[in-house]
Amino acid sequence: MAGQRAPGGTVVTVDVKLHQERAERDLPRPRLVIGGKDLGEASGGLHEHINPSTGLVQARVPLAGPAEVDQAVAAARQAFEVWGTMRPAERRRLLIRFAQLIREHIEDFAAICPLENGVCVGGWAENVGPHVAEWTEYYAGWADKIEGMVGAAYSPHEHVEYTLAEPYGVIGHIITWNSPALSLAMKVPPSLAAGNTVVVKPAESTPFSALLFADLAREAGIPDGVINVVTGLGDAGEALVTHPGIDKISFTGGPATARRIMASAAQSLKPVVFELGGKSANLLFADTDLDTVVPYCAAFAMSNTGQGCALPTRLLVERPVYDEVVARVAGVVAHLPVGDPLDPATYIGPLIDAGARDRVQNVIDKAVDERTGRLVYGGERIDAAGYFVSPTVFADVDNRSDLAQREIFGPVLALTPFDTEDEAVALANDTEYGLSAYIQSRDIARVNRLVPRLKAGTVYVNPGPNPITSPATPFGGVGISGFGREGGRAGLDEFISVKGVGVARA
């Protein structure tokens, strides 16, 4: 057992032995999956996977280099000749079976989460499997309902014009580390439903969810080569983006990496879809029920230890209730348990790695030193073998400061007051990001006024709907939060190429 001091004098205890036992039991064997074959060695060498709770190596992951990416693309292109020409009803049947198997392995996805990236078993982790199953089920239902159009409005009557909805071919998916299973579910099922095959590049820090995903697809009867997994570093990602056999790239991550991907893809004019970061504003009005709304706003911003692109990390509060909300938020956060993610009572676990811990702590320390916000809770350093940071709340935050403008990706919440609707909208939109926004108000007329004015790809109103809970709702951003959509028919359309056809009488 390893203990370390956390805010409020509590002790964070990490059961190292239990983590080691669970890693041996629950983590899939590290490997690449190419054309249905498992590769335990690769040209990129080995990555030592460190458990973020203990700071100890728990697996050695083979890394793909350009050679393995090339093999994976070749396997996907070969599989496309089968999958892309398969009867849509047969694709639907296989995807439904895939979704059923995911449902049968929900506990396995949950078990991977705390070991892979420190996600708490009693919170985010228990929702991962159901989300993956729901997204797969949803897009399985689309597989045999993709249609073209017929029209002759601008042609003589004896002529026919119509469209064909075709797959692109092979899609390269570069998935995120903070919720890799969900990132897979948002990208791969719609790609497959449309008839594409895929090469997936997980982050080297989170390969295990993708391996379970690929194993279940194989068990479901999805042909070898339809889903290929090539865990790797930047050279593998670059090889995937620039490969002439990749027809489109879908990426979830940060704007800096997206810019590099876009520049590389531009050389061949390869289309891309980006789901990037966010600095989401949550507008809380005085007419709301504080007893319900404040716990939701405070706890949700801290979920997954703040490592979520769409989390409402800026809380903008109408001034008549501002002081009360600040006090209540601090009280809620003070009671969120910090500790071992294998403990079902824990709400806030570790960050993904030492670099993330240091980066987040430096942002907190800088804000305290420069007084760009008033520290009302947390901020202390945690001396630990794992990568823990105190959940931290700042009030009176300058909207031009890093606290308000920078995606911190840690358990840090920034509160700022406003006086009018116009000021609230101006504060919310005063950022380069535009992924999500939130409104807490009982006034439906106000809600309807504000939704069109908020610069965000998705707007959530009042407690209940969490980001990306519904596969039927398009999700994506504007500004440096990216472009394109995941979810709904819009998410399917990202992986469909429309061909126009004109037929004249011979």
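Let's start with a sheet of three strands: this open sheet has the order 7-8-22, with antiparallel pairing. Strands here are DSSP runs of E with at least two residues, helices are runs of H or I with at least four, and both are numbered from the N terminus. Two strands count as paired if DSSP finds at least two bridges between them. At the edges sit strand 7 (150-151) and strand 22 (496-503), and each of them pairs on one side only. Strand 7 is joined to strand 8 (residues 160-167) by 2 bridges, and the two run antiparallel. If you want to find one of these on screen, look for Gly151, whose bridge partner in strand 8 is Glu161.

A quick word on what you are looking at. This is a predicted model, where local features need pLDDT of at least 70 and side-chain atom pairs count only at pLDDT 80 or more, while totals for chains, interfaces and linings use all residues. Residues are numbered from 1 along each chain as its sequence is written, and side-chain values use heavy atoms, with hydrogens and water left out.

For axes, we use lines fitted to C-alpha atoms, for helices over the stretch in contact, and angles run from 0 to 180 degrees between N-to-C directions.

Within this sheet, strand 14 (residues 281-284) and strand 15 (residues 314-318) run parallel and are joined by 4 bridges. Leu284 stands opposite Val317 of strand 15.

The axes of helix 10 and helix 11 come within 9 Å and cross at roughly 55°. Helix 10 and helix 11 are therefore oblique to each other; angles under 35 degrees count as roughly parallel, over 145 as roughly antiparallel, 65 to 115 as roughly perpendicular, and the rest as oblique. Among the residues that meet are Leu290, Val294 and Met302 in helix 10, and Val325, Arg328 and Val332 in helix 11. The residues of this contact divide into 10 nonpolar, no polar and 3 charged.

Let me finish with charges. How many salt bridges does the structure hold? There are 28 salt bridges, each being a side-chain nitrogen of Lys or Arg within 4 Å of a carboxyl oxygen of Asp or Glu. One to look up is Arg446 with Asp287, where the closest N and O atoms are 3.5 Å apart. This pair links distant parts of the chain, 159 residues apart: Arg446 is in helix 15 (residues 444-450), and Asp287 is in the loop between strand 14 and helix 10 (290-302).

Notes
Contact means heavy atoms within 4.5 Å. Ala, Val, Leu, Ile, Met, Phe, Trp, Tyr, Cys and Pro count as nonpolar, Asp, Glu, Lys and Arg as charged, and the others, Gly among them, as polar.
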